[in-house]
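Take a moment to look over the model below. Then read on for a short tour, one region at a time.

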Amino acid sequence: MNWLALVFIGVIAFALSGPAGMLGSRSGNGWQWVSAGIAVGGGVCGLVAACAVLFGYPAETLSFAAAAPAMTVNLRIGPLSAFFLIPIFTIGSLSSVYGLGYWQQSRHPRTGRKLRLWYGVLIAGMAMLTLCQNSIDFLVAWEMMAISTFFLIVTEDQKPAARQAAWVYLVATHLGTLLLLALFAILRVISGSFLLRPLPPGQVGIGLQTVIFLLATVGFGLKAGIVPLHFWLPEAHANAPSHVSATLSGVALKMGIFGILRVLTLLPARPPAWGILLLSLGAASAFLGVLWAMAQHDLKRLLAYHSVENIGIILMGLGLALLGEAEHQPVWIILGMAGCLLHVWNHGLFKSLLFLSAGSVIHGAGTRDINCLGGLAKSMKITAAFFLLGSLAICGLPPLNGFVSELFIYLGLFHTMAKLPILSLTAAVLAMVGALAAACFTKAYGVVFLGTARRVSHRAHESGPTLWIPMGILAAACVLIGVAPGLVLTPLQHVTAAWSGQTLPALGSLVPAGMISILGAGLIAAIGLGVALQRYALRRSRIDSTWACGYIAPSSRMQYTASSLAQMLLTALGPLLRPRRDKLQISGLFAGPSQLHTQVSDPVLKDAVEPVWRRLRFMLAGGQGFQKGSIQNYIFYMLLILLALLAFTLPLTMLWKLLF
Amino acid sequence: MIMILNAILVLVILINLFALGTSRMKALIHAAALQGVLLGLLPPLVVKDVGTLPLLMAAVTIVLKGILIPNMLLKALRDAQVKREVEPLIGFMPSILLGAAATAMALALAGQLAPAHSPLGLLVIPTSISMLFTGFLLLTTRVKAVTQVIGFLLLENGIFVFGLLLLSAIPYLVELGVLLDLFVGIFVISIIIHHINRAFASQDTRRLSSLKG
């Protein structure tokens, strides 16, 4: 069986799913089912092939001549690419199904077909990215992914916020691509070929390798959303349609991590400083990400900041593994890398689940402002259950999958204590992050789903099966990995061994997988029993509105809001968050109606990126004179260049003799 | 042979200067048509043994550049009701002088370029460069859409003359393909001119910048 060809079929199916949907009319729903069917079929093909390679079939390579002269396309599917292909195809297919109900063609005649076109290109680009063995092809796939993301963010191009977010994203992604171009140019000069092959040890000095490593960290980090390079991320993920946000957050960010991992396989050197850099960047991203998330009252922005946090956790695992390679500690490598990789899967699963449930909330209630929502657990039972499950998973609580991957990283950090006690500080940061995440999701779930309905949410209705079937599959996967982590140990071991190229201790001997299963099953049984007992005990009690608490005339405005829940933390950490607060004007004994508005904008975007941007615009304003937009001007520039080239071909001494 | 070739090339240069100096668009189109016919005579003159292919190419060139393209442009002119180029960015007299200067420079410098020492004599390269500059001058200093198309046409004619040197190296198929491209390009442009005229009530290409986002 040729697994690589099967993956390729999946890629082509996704690329064709959009054009197939364009065959139908703008206002009919028929062809969107064809489009989603093609996508799901391709996703299944790709998944089967990726699983086969992940569970032990040998790596395969394929090369064929491309249209450009003297270029061949080299593809290879190995354990690492198979590992990243699984979330791409899983979430890609599930989101396509979700889009059937969430972005119905008949309701969005203008944008529906466009959305599916770029969505297919995005998934195809990401899948190709994992396979490319040649830097030119890699960049082409990277740009396919980057450009299609731009069009997806700007799907609702009538909204200024979406356009603004898309432009910021476009600048950020091209900045990253620029660095990657430099990176691959350096690699080309060193190795003499566009093929991405490991550099032989001793050929290149440690300084140049560090330059390559830093270029990769910043270039890919812009895509992954490492603090402080995350500034484009919250707005972009908040403004895209929800199933696109799920894919961007759950899968596309991980392509940045994949890029860093891929470049690390090329470099032989492992100075400890690299590991420490990634570890501290990861800790900073995790801590600041969750802190900023706490301050948000837009449901999707909140989730987007949690992506920054989780990318930080992933990076901490990677940093630990790198440090282990530098210090020759195989236990650190296997635990760090297994945590990093498993968290890539896990975050993909639960963050997509959360974004899809958030989408269901938006679909049902029509807003994503947390302060306008409330009491949705009564009208949207299924969505509420899925959101709760996703929240528990993202907080790293047993018996769900987030717990398993974070446990790997904890265990790895504990192993470092004997040698580098200072590193246990990062374990403390990780614990702090977990606690803050739990606080943040208490706020998100509590304000959105509990209590009584606020302004808009009393009209909310539950979504249809095309929305909750994908959510259900994601939720089941979260539970499965959480209860039976033994299932994923083999692939993790396989990928880590392939990535590091060393013989490593067995993951099963380091991680109490059986214990986690028993504990998880016990917990689920206990929770089930508790719920049943509570139901039984309360079977005759009267159900009244929440927070009624004996008031005579309770109002929905008397509940905690998202802002009030987070207020204590916001005031305590004011300097880090810099909340903006409009002055409350109250005058007179019987004050009239008044308003208070607080907002926490992204500090990196507001205080660093925007001032630099304005300064740059000011400095480059002189250049705008050259861009007049008239054809005559541009032709004149061409003429000038032609003249210059002509002068270049003539020997200058001849010219001199001719003229004088 | 060389004598006839040189005579035609001199005529072609004179037509260039005329094109730079005239403000009447009809005259400009007629000049371009005449130049196209003259160019069509060239391929059979420069090859050693005149077979079917050079003759075919001559015929296609004359039909396209001498008849079809000028007729399309004249029709576009009639539709648009424009007769004169009224406000060139550089006046007509300075344009002629610039064109003459460019031709003189081309004649002086072309001897230094490698392909100049061909058996076809010394005039081919300078003529081609001079035509390129004429085309560029028209493109950069005139604002009406039809004049721009003619500038483009003269530019392409310059490339055609340069291609004569390489007739043995470039397959005829390529040359014919280029001609076809030119025809299709101008066909499309003449349709666009019609639309520009309808949308802006003017043929001034500077107004197109208002289409910018």
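The paragraphs below go through chain A and then chain B.

This is a predicted model, where local features need pLDDT of at least 70, side-chain atom pairs count only at pLDDT 80 or more, and totals for chains, interfaces and linings use all residues. Residues are numbered from 1 along each chain as its sequence is written, while chains are lettered from A and ligands numbered from 1 in the order in which they are written.

Some terms come first. Helices (H or I, at least four residues) and strands (E, at least two) are DSSP runs, numbered from the N terminus. A residue is buried if 20 or more other C-beta atoms lie within 10 Å of its own, exposed if 12 or fewer, and partly exposed in between; the C-beta atoms are placed from the backbone.

Start with the strands β1 and β2 of chain A. Strand β1(A) covers residues 60-65. Strand β2(A) covers residues 72-77. The two run antiparallel and are joined by six bridges; strands pair if DSSP finds at least two bridges between them. Within this pairing, Phe64(A) has Val73(A) of β2(A) as its bridge partner. How many of the six residues of β1(A) are buried? The count is zero, and the strand is hardly covered.

Next comes helix α3(A), residues 79-102. Its axis comes within 8 Å of the axis of helix α18(A), residues 486-500, and the two cross at roughly 135°. Here axes are lines fitted to C-alpha atoms, for helices over the stretch in contact, and angles run from 0 to 180 degrees between N-to-C directions. The two helices are therefore oblique to each other. Angles under 35 degrees count as roughly parallel, over 145 as roughly antiparallel, 65 to 115 as roughly perpendicular, and the rest as oblique. Which residues make the contact? From α3(A) come Pro79(A), Leu80(A) and Phe83(A). From α18(A) come Pro491(A), His494(A), Val495(A), Ala498(A) and Trp499(A). Contact means that the C-beta atoms of two residues, placed from the backbone, lie within 7 Å. Seven of the contact residues are nonpolar, one is polar and none is charged. In this count Ala, Val, Leu, Ile, Met, Phe, Trp, Tyr, Cys and Pro are nonpolar, Asp, Glu, Lys and Arg are charged, and the others, Gly among them, are polar.

Now turn to helix α14(A), residues 381-394. Its 14 residues should span 20 Å at 1.5 Å a residue, and its end C-alpha atoms are 20 Å apart, which agrees. The expected span is 1.5 Å times one less than the number of residues. Is this helix enclosed or open? Of its 14 residues, 10 are buried, so α14(A) is largely enclosed by the rest of the structure. Among the buried ones are Phe386(A), Phe387(A), Leu389(A) and Ile394(A). The buried residues pack against several helices of chain A, including α11 (299-327), α12 (330-365) and α16 (424-449).

Just after α14(A), Gly396(A) takes a positive phi of about 75°. The loop between α14 and α15 of chain A also holds Pro399(A). The peptide bond from Pro398(A) to Pro399(A) is cis, with omega near 5°. Another cis bond runs from Val227(A) to Pro228(A), with omega near 5°. Pro228(A) sits in the loop between α7 (206-224) and α8 (233-239) of chain A.

His328(A), in the loop between α11 and α12, has a positive phi of about 55° although it is not a glycine. His328(A) counts as exposed, with 10 C-beta neighbours inside 10 Å. Ser545(A) lies in the loop between α20 (513-537) and α21 (562-572). Ser545(A) has 13 such neighbours and counts as partly exposed. Thr452(A) is 93 residues away from Ser545(A) in sequence, yet 6.7 Å away in space, C-alpha to C-alpha.

Finally, chain B. This chain has seven helices and zero strands. Of its 213 residues, 39% count as buried. Helix α5(B) has 18 residues and reaches 26 Å from its first C-alpha to its last, close to the 26 Å expected. Leu122(B), in the loop between α4 (92-109) and α5 (124-141) of chain B, is partly exposed, with 15 other C-beta atoms within 10 Å.
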